[in-house]
Amino acid sequence: MAVPPPARPRCLLPLSLGLFQGALLLFFALFVTYDEPSAQVEDASLAASQLCGTFPLFQDIQVMVVVGLGLLLAFLPRYGLSVLTHNFLLLNFSTQWALVLQGLLHHFHHGRVHLDLRNLLAAEFAAVTVLISVGAVLGRTSPCQLLVVATCEVPIYLASEWTIVTCLGVLDVGGTITIHVFSCYFGLGVSKALFGAARRPVHPKETTTPRSDLLSLVGMLILWVFWPSFVAVLCQPGDAQHRAVLNTFLAMSASAVTTVVASSLLERDSKLSAGHLQNGCLAGGVAIGVVADMAVPPVAALALGSLSAVACVLGFKFLTPLLARKLVLQDQCGIHNLHGLPGILGAAASAVAILVASEDAS
């Protein structure tokens with residue numbers, strides 16, 4: 001008679017989350033405060049104008065991460081409700097955890113951590129890396145395992161970002177290198193560590209349906225619409241932010257058209273692949289982030305968007321099966337094709353942009 005596997009403790013998730021939230025409440029009560037209101041009229045007006053310029057972009061990013069990314073990952077028909085719940089839980093858990101770590105590392109003055117909207121944005125970007133990484137192990141991990149991944153990934157991301165931006169002086173306003181490339185290979189490392197030793201056939205629950213693909217395509221459309229806000233929110237207001245919006249739109253428009261071309265050429269009977277559309281149309285936004293605010297010509301943004309879409313589609317068609325066969329690397333959502341390959345392409349493009357820039361360029 002077969003012995004059933006031991007049941008997981010039902011109280012583990014609420015107990016761990018309750019302890020975390022309780023510790024966070026204590027930390028905020030003792031150390032966290034807001035900046036003092038400005039007494040000068042000019043300073044108050046400047047702060048108000050900055051808030052009016054940043055908060056709409058912040059709202060766009062909230063819609064992207066909570067709704068767009070959640071629906072994009074809902075392509076597994078038996079995992080749609082869970083992925084939306086886990087995505088929302090990980091976003092809030094990772095953002096609060098990042099606020100604590102960032103506050104202690106960068107915003108701790110006179111025994112207090114000063115909190116503002118820009119700090120919150122930086123913490124949410126740290127949470128985005130977690131949401132991207134867990135795409136590699138989607139549907140094969142428990143909520144407690146995902147929380148462990150988030151707990152480990154956030155401090156490693158902060159150390160990586162500090163090294164890349166502060167120590168190396170890399171310009172990456174849209175997070176192409178610091179967010180997309182990092183989260184891709186961190187997630188693939190987690191997948192390899194957890195599941196890389198054994199090959200397994202595709203489970204029937206992992207087969208997509210027209211309904212689940214439709215939900216994922218809706219998520220892609222939401223991300224596509226709001227992606228310029230994600231890239232431009234941390235740019236300097238004015239010309240740099242204006243260029244970031246324009247370059248991001250051009251790159252994503254080119255990637256959308258090129259994805260249709262590449263997918264129809266590679267698929268049987270010229271039928272479009274839903275997986276190609278869900279990811280390739282966003283590849284331009286991943287690649288352009290590192291050069292979005294630079295004074296690059298519009299044709300460069302279009303070219304980078306097209307090249308990133310081609311790389312993404314070819315990755316799904318050829319590279320993902322090759323990595324699964326040769327390295328036993330399981331990438332459930334294809335994060336290597338959407339975040340890894342376009343991210344590397346964008347990093348290379350930034351090096352070229354710096355090399356060919358004129359001497360009087362800032």
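Q: Which strand do 3 bridges join to β1, and how do the two run?
A: In this predicted model, the open sheet holds 3 strands in the order β1-β3-β2, with mixed pairing. Within that sheet, T33 stands opposite H114 in β3. The strand joined to β1 by 3 bridges is β3, residues 112–115, and the two run parallel.

Q: Which strands stand at the edges of the sheet?
A: The order of the open sheet is β1-β3-β2. A strand at an edge has a single partner strand, so one side of it is left without a neighbour in the sheet, and this applies to β1 (32–34) and β2 (108–109). The edge strands are therefore β1 and β2.

Q: Is G340 buried or exposed?
A: G340 lies in helix α11, which spans residues 335–356. Beyond residues up to four places away in sequence, G340 touches V181, C184, Y185 and I335. Its relative accessibility is 0%, and because the cut-off for burial is under 20%, G340 counts as buried.

Q: What distance separates the C-alpha atoms of G340 and V66?
A: G340 is found in helix α11, and along the chain G340 and V66 are 274 residues apart.

Q: How many Å apart in space are N247 and P297, C-alpha to C-alpha?
A: N247 is a residue of helix α8, and P297 is 50 residues away from N247 in sequence. From C-alpha to C-alpha, the distance between N247 and P297 is 8.7 Å.

Q: What is the relative orientation of helices α1 and α5?
A: Helix α1 (residues 12–31) and helix α5 (residues 143–167) pack with their axes 9 Å apart, at an angle of about 30°. Because angles under 35 degrees count as roughly parallel, α1 is roughly parallel to α5.

Q: In which hand of crossing does α1 pass α5?
A: The two helices pack at an angle of about 30°, and the contact is made by L12, L13, S16 and L17 of α1 with P143, C144 and L147 of α5. The crossing in which α1 passes α5 is left-handed.

Key: Residues numbered from 1 in each chain as written. Predicted model: local features only at pLDDT ≥ 70, side-chain atom pairs only at ≥ 80, totals over all residues. Heavy atoms only, no water. Pairing = 2+ DSSP bridges. Helix = DSSP H or I, 4+ residues; strand = E, 2+ residues; numbered from the N terminus. Buried < 20%, exposed > 50% of the residue type's maximum accessible area, 1.4 Å probe, protein only. Contact = heavy atoms within 4.5 Å. Axes fitted to C-alpha atoms, helices over the stretch in contact; angles between N-to-C directions. Parallel < 35°, antiparallel > 145°, perpendicular 65-115°, else oblique. Left-handed = near helix turned anticlockwise from the far one by under 90°.
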